[in-house]
Amino acid sequence: MKTETIASENLLSKQKPTNGNSNKSGSRTKVVLAGNPNVGKSVFFNHLSGMYVDVSNFPGTTVSITSAQYKNYNIYDSPGTYGVSAFTEEEKVARDVILSADVVLNVVNSLHLHRDLFLTLQLIEMGKKVSVLLNFSDEVKKNKIKIDVEKLSQLLGVEVIETSAIKKEGFDKLDFAIENSRIGNCDQKVKELLSDTAKITGSEAEALLIKEGDVEVAKRHNSDPGTVDDREYLYIQRRNRVNNIVDQVEFENSTKGIIFSKLGRMTLNPFTGIPILAFVLLVIYFFVGDLISQRVVDYTENEIGVGIFEYNLKSLVADYTPSTITVEILGENDDVIDSRSFEFPQGKSENPELAEKFKSFSTKDGSVSDFVYENPIATLFFGEFGVLTMTITYLLFLLLPLVLGFYFIMAILEDSGYLPRLATMLDRTLNRIGLNGKAVIPIMLGFGCITMANITTRILGTNRERSIVTAILQFVIPCSAQLAVIAFLLARAGTVPLLIFMVTIFTILITLSTILNRLLPGESSPLLLDLPTMKIPQLRNVLKKTFFRAYGFMKEAYVWFFVGALGIGLMQITNLLSVWQNLLEPLTTNWLKLPKEAANAFIMGMVRRDFGAAGLFDIQLSAMQITVAIITITIFVPCIASFVVMLKERGWKEGISIWIGTWITAFFIGGLVAQIII
Amino acid sequence: MALTLDKALKGHSLTIAKLPNGDIKSQLIRLGITEGLTVSCIEKLPGGTIVLRRNRQEIALGSALAKSIEIVL
């Protein structure tokens, strides 16, 4: 998370002094991949980088910058954009990396020249050294379209290279593309219009953006941004030139060649779209909720994590420290068949005879060993909540499979082009709560990880929409890790708790967003969305995405788990945990009607949400108590990582308000439900 | 009263007569929707969200936006 935000800030500061066109001697040439969304920039990036060097790639398209080294070049990926501008926060990220580029590799979708060449012409007008990669060239042939590449290259004044990212065609010409990039044919009228501003800024790139009304870029050079009319003039001129170029280079041999995606159409219409959505959700449920979070995790966590990893580590520690080990043999229905206690006042290695008996008893089928150490430090690191035992099991054998499963689904959804269509279908519904269909994208991604979804809100048009979605994400959307723990607990509790949970959360969602929609000033932006063609995702690409995102997530998450476990462990040793429990007792036992140990879950929940829900595992709860506990923990504060990112994205005022709001709402609603159902 | 895009029906071929002013106009132009352009309406959802198509490109517009775009059938 951090790497991402810092990366884009660095870009900004580095970019200021450089003159857009010239490369300072000694520094490496900065090559930026730019293009419209869904043109395959990332495939080129992966090819050039060979591997992800700096993994800061987040769902919901690339809302961040990824960079890598290739030969003598620094290669940068950028968020997909239809033009260099500042209509959304996401576009600003793209704008800044493009401004800082020495060379721009402009990836263009051959099937959408009308749309894509707008950016190409803008890059050329910016005076950037450009080469065009004409991607999807194989699709063009399939659709009986002919593009006169030579003519296009001649009109643009830059190299145009046909590629197919999927078939890896044209990849051998990428070096050529970078080396032969050059400043293209800029419209004379535009050049004249910019000449005065360019003298101030030192580069046409920034002069163009200032003329097009970019307030931030104008501020960097203490000059006045152009008016809306200036921008419209430039845009219309550019649009006309694009249309003119396309007319000269593109020939359709047959109108029947036009791709007609029936499935794509069906996802839009509610009559077919809602059943499709239901089907997609069902598949997700069976894959993540049932297969991964029940079967796979059950095996990895209990068999590998607790049974092999923790058992051996704890047993090794018991060799050298005074310990008492209780072993229970469980039957088919988790009932205790046999139980024995082994005491090693000098450590296991001092009493080999008893150690041997322990070993043979504790390796029987269905055995569960509970290690209690006398030494508090041993307890802290290797005990029940041990920093090196529970945390590692939790991270590697519970969270990792879940996160992999979820990112896999998310990658498929993203690559298939389904999300924008879902956004269109749900547009009207979301209008009612002050959002447009686009808001579906961060919300859906929030079910993966709230922290990342907080950043994805940058794709939304206005500040008020970002505020509403940010609040929804923190209050009601459970992240994948938390969702899994919830699903696990609810599976124990039954159908009625599931219904109560869903109805409660849904009611809060509607109430919260309706109130915010009324209170927040201004108006939300209407939907304007380019719909990508539906396609079957490439497995290779999906797997690659899944693994690198999971890696990035684990890299960022693990620290908090160790810190959290250490914190809880220390509180346990120093008795602070019972002080906290007693402090919250009136609230926990009287109002929420839960055992007082449930207060642990709240403290853990502040560190990580799923961690909090997991804190409920070891407490004996009735079905209704589980329901109340889960509702409370779902609404309760976002995890630390998410909180920090929210503060960065939305400012401390909004961040703190949401954080406190979740405390109040969680206990109020949780208690209300408790008073009714328990 | 000029005809606006929200009145278009599925299957209609229509010409854009006037776009609303402001940022949104620039965004529309950038995506390829300009005054004088002929497009087809390929989907109209309950609630008024419109999906337009031009060549191979499909663009979704919310009902509020559709209401502010003048068209000629």
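Reader: How many residues of chain A are in contact with chain B, and how many of chain B with chain A?
Author: Keep in mind that this is a predicted model. Counting the contacts from each side, we get 32 residues of chain A and 30 residues of chain B.

Reader: Which element gives the largest share of the side of chain A that touches chain B?
Author: Several elements supply at least two residues each, among them α4 (113-125), α12 (262-268) and β13 (528-531) of chain A. By class, that side of chain A has 17 nonpolar, 7 polar and 8 charged residues. The largest share is 6 residues, and the element behind it is α11(A).

Reader: Moving to the helices of chain A, why is α21(A) roughly antiparallel to α23(A)?
Author: The axes of α21 (residues 463-475) and α23 (residues 495-519) of chain A come within 10 Å and cross at roughly 155°. Angles over 145 degrees count as roughly antiparallel, so the label for α21(A) against α23(A) is roughly antiparallel.

Reader: How many nonpolar, polar and charged residues does the contact of α21(A) with α23(A) have?
Author: On the α21(A) side you'll find residues including Ile468(A), Ile472(A) and Phe475(A), which meet a set in α23(A) that includes Leu509(A), Leu512(A) and Leu516(A). Sorted by class, the contact comes to 8 nonpolar, 3 polar and no charged residues.

Reader: Is the crossing of α21(A) past α23(A) left-handed or right-handed?
Author: This is the helix pair whose axes cross at roughly 155°. As α21(A) passes α23(A), the crossing is right-handed.

Notes. Residues numbered from 1 in each chain as written. Chains lettered and ligands numbered in written order. Predicted model: local features only at pLDDT ≥ 70, side-chain atom pairs only at ≥ 80, totals over all residues. Axes fitted to C-alpha atoms, helices over the stretch in contact; angles between N-to-C directions. Helix = DSSP H or I, 4+ residues; strand = E, 2+ residues; numbered from the N terminus. Parallel < 35°, antiparallel > 145°, perpendicular 65-115°, else oblique. Left-handed = near helix turned anticlockwise from the far one by under 90°. Contact = placed C-beta atoms within 7 Å. Nonpolar A, V, L, I, M, F, W, Y, C, P; charged D, E, K, R; others polar.
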